[in-house]
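Here are my notes for a first look. Please read them with the structure open beside you.

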Amino acid sequence: MAQDKDVSRRDLLKAAGAVTAVAAATVQRAPAIQKVRAANDQVQFGMIGTGSRGSYLLKHLKGIDNGRCVALCDINAENLKHGVDTIGNNPKTFKDYRELLAQKDVEAVFVTTPLFVHFPVTKDALQAGKHVFCEKCLVFKPDEVHALRALANEHGKQILQTGLQRRYSYFYQTVKSMVDKGILGDVHHIHAQWHRNMVNKPSSLWTMKPGGESNIANWRVYRSMSGGLTAELTSHQVDVADWMFGSSPEFVMGLGSLDTLKDGRDVYDNIQLIYKYPKGQKLTYSSVSTNSFLPYFNAGRAEMGEIIMGTDGTVEITVGADGQPPIAWWYREPPKAVAESKAGEKKKAFVAGATMVASGGAATPIPIMTADLDFKGNEGFIDKEVKFAKRWLTSKGVIIQEEQRNPVDTELESFFQNCRDGKRPRADVEVGLADSVAVILSNQAMDEGRKVYFNEIDKAKPAAPAAPKKG
Ligand SMILES: NC(=O)c1ccc[n+]([C@@H]2O[C@H](COP(=O)([O-])OP(=O)(O)OC[C@H]3O[C@@H](n4cnc5c(N)ncnc54)[C@H](O)[C@@H]3O)[C@@H](O)[C@H]2O)c1
């Protein structure tokens, strides 16, 4: 009891000191100096497709100083104008993307068209010698998987990055190292969901516009142009599972149906999928369009997230959305019980990481720290004190750690950096293709009501050319 009192008195003193240190550092921090990069250091880029995602990226690209927009293209004049207004630096504009690709000053292009147009545009862009950032999913059809791999190999010096931004999140990267270092024990199960209430809160992207299938603005809700929920939502989360488990699935089973949004669309409005990975690992997945509840983070967030479950711990994680930064909470499993000693007294095994915080237990989450709280060894006295203080306050639940930077900004800056240094992107062509294969085969599993093996994608491989006849 006396000891408890001591701890809480020490805690109080520490808290008082910590708060003072954090406050002092906030006051003393120098004003941020905006870095301005020389124009010739910047990668000159064009964008093809300035609709919803394209404009969102342009809004972010405005603040990324190692790239500069020189050209925009869209077949829709209104969307093109919106793109021009968003980037605000008067780029050249085109209706035909091939004209944009013919521009010598364009070094790199963003492909932000509907899914069914990704492959033809990416192919032409690679053949025109451009670096390419193509939004997920990289490709739409099975034969495009093999064709794009062959093209990417032919154009090995050009960067080809997929828009899977979770790969660029500090929190997701931290969780990946926790998994690899065994901090969560054996990770066998991941559960992921992306639930939306499109009935009470219709999303303009998923709402049927006049013209049905003949209107390209409806591309998301027709199978001739889209992979539906699986392509638009699941793709991000199956990529997380592939990354955490370190491989692609062996097979997928699932159930998809169209039960509520019966407005002429032919994509499912709810899907449930089970992916079996090698070594007995599984991803269970759900996406519904009639409810947005998320039972993670004490139900403090809605819609989407992943739970990564190991024998020694669990992580709840989400990348969030605008105004809701990525967040990751770690829960430890109760310590491993060891054999009873001779005296019949049960001992508890030491659990790695258990000493990181004073409190904790199965039901108490430990927020994952942001990169700015890592000790680099070269901090001055005040900085070090502030980091200690913030870490300690975080461990007590007084402050919540949220990722400092939107991973979309990181993926964009990283793309330009890779265009310059030639390094392979984190979300490279193989990551993008594995993700596309998962989407294609998941839809096939639901359509055909059967277990689909991932090696079935090889059926779409072009036959090897016949050996030349002798003689
Ligand atoms: N990474 C993410 O989190 C994320 C989020 C949203 C969308 N996306 C992806 O971005 C892509 C675009 O989605 P969106 O929501 O912006 O769709 P959208 O319909 O809002 O925009 C697509 C734009 O492409 C234009 N377009 C179509 N064909 C074209 C062509 N041949 N040449 C030039 N322009 C053409 C359309 O006119 C439209 O303006 C999709 O693949 C989607 O999956 C990714």
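1. Start with the ligand shell. Helix H2, residues 52-61, gives the largest share of the shell around the ligand, at three residues. The shell holds 27 residues, and those that come nearest are Gly-49, Gly-51, Ser-52, Arg-53 and Asn-79. By class, the residues around the ligand are eleven nonpolar, eleven polar and five charged. Bear in mind throughout that this is a predicted model.

2. Stay with H2 and look at its packing. H2 packs with helix H10, residues 407-421, at an angle of about 80 degrees. The axes of H2 and H10 are 10 Å apart. H2 is therefore roughly perpendicular to H10, since angles of 65 to 115 degrees count as such. On the H2 side, Leu-57, His-60 and Leu-61 make the contact. The contact of H2 with H10 has four nonpolar residues, one polar and one charged.

3. Now the whole chain. How many helices and strands does the chain have? The chain has eleven helices and 15 strands. Its length is 471 residues, and buried residues make up 41% of them. Consider the contacts with a separation of 6 or more: 69% of these join residues 24 or more positions apart.

4. Arg-166 deserves a look. Arg-166 sits in the loop between strand S6 (160-163) and helix H7 (170-180). Is Arg-166 buried or exposed? Arg-166 is buried, because 23 other C-beta atoms lie within 10 Å, and the cut-off for buried is 20 or more. Leave aside its neighbours within four places in sequence: Arg-166 is then in contact with Tyr-172, His-236, Asp-239, Val-240, Val-319 and Pro-407. Take Val-319 from that list. Arg-166 and Val-319 are 153 residues apart along the chain, yet their C-alpha atoms are separated by 6.6 Å.

5. Next, helices H8 and H11. H8 covers residues 228-245 and H11 covers residues 429-448. Their axes come within 9 Å and cross at roughly 120 degrees. H8 and H11 are therefore oblique to each other. The crossing of H8 past H11 is right-handed. From H8, the residues in the contact are Thr-230, Ala-231, Thr-234, Ser-235, Val-238, Asp-239 and Asp-242. They meet Val-431, Ala-434, Asp-435, Ala-438, Val-439, Ser-442 and Asn-443 of H11. The contact of H8 with H11 divides into six nonpolar, five polar and three charged residues. Note Asp-239: this H8 residue is part of the meeting with H11, and Asp-239 is also in contact with Arg-166.

6. Last, H5 and H6. How do H5 (residues 118-127) and H6 (residues 142-154) pack, and at what angle? The angle is about 15 degrees, with the axes of H5 and H6 11 Å apart. That makes H5 roughly parallel to H6, because angles under 35 degrees count as roughly parallel. The crossing of H5 and H6 is left-handed. H5 contributes Phe-119, Thr-122, Lys-123 and Leu-126 to the contact. H6 contributes Glu-144, Leu-148 and Leu-151. By class, the contact of H5 with H6 has four nonpolar residues, one polar and two charged.

Methods. Residues are numbered from 1 along each chain as its sequence is written. This is a predicted model: local features need pLDDT of at least 70, side-chain atom pairs count only at pLDDT 80 or more; totals for chains, interfaces and linings use all residues. Axes are lines fitted to C-alpha atoms, for helices over the stretch in contact, and angles run from 0 to 180 degrees between N-to-C directions. Helices (H or I, at least four residues) and strands (E, at least two) are DSSP runs, numbered from the N terminus. Angles under 35 degrees count as roughly parallel, over 145 as roughly antiparallel, 65 to 115 as roughly perpendicular and the rest as oblique. A crossing is left-handed if the near helix is turned anticlockwise from the far one by less than a right angle, and right-handed if clockwise. Two residues are in contact if their C-beta atoms, placed from the backbone, lie within 7 Å. Ala, Val, Leu, Ile, Met, Phe, Trp, Tyr, Cys and Pro count as nonpolar, Asp, Glu, Lys and Arg as charged, and the others, Gly among them, as polar. A residue is near a molecule or strand if its C-beta atom, placed from the backbone, lies within 6 Å of it. A residue is buried if 20 or more other C-beta atoms lie within 10 Å of its own, exposed if 12 or fewer, and partly exposed in between; C-beta atoms are placed from the backbone.
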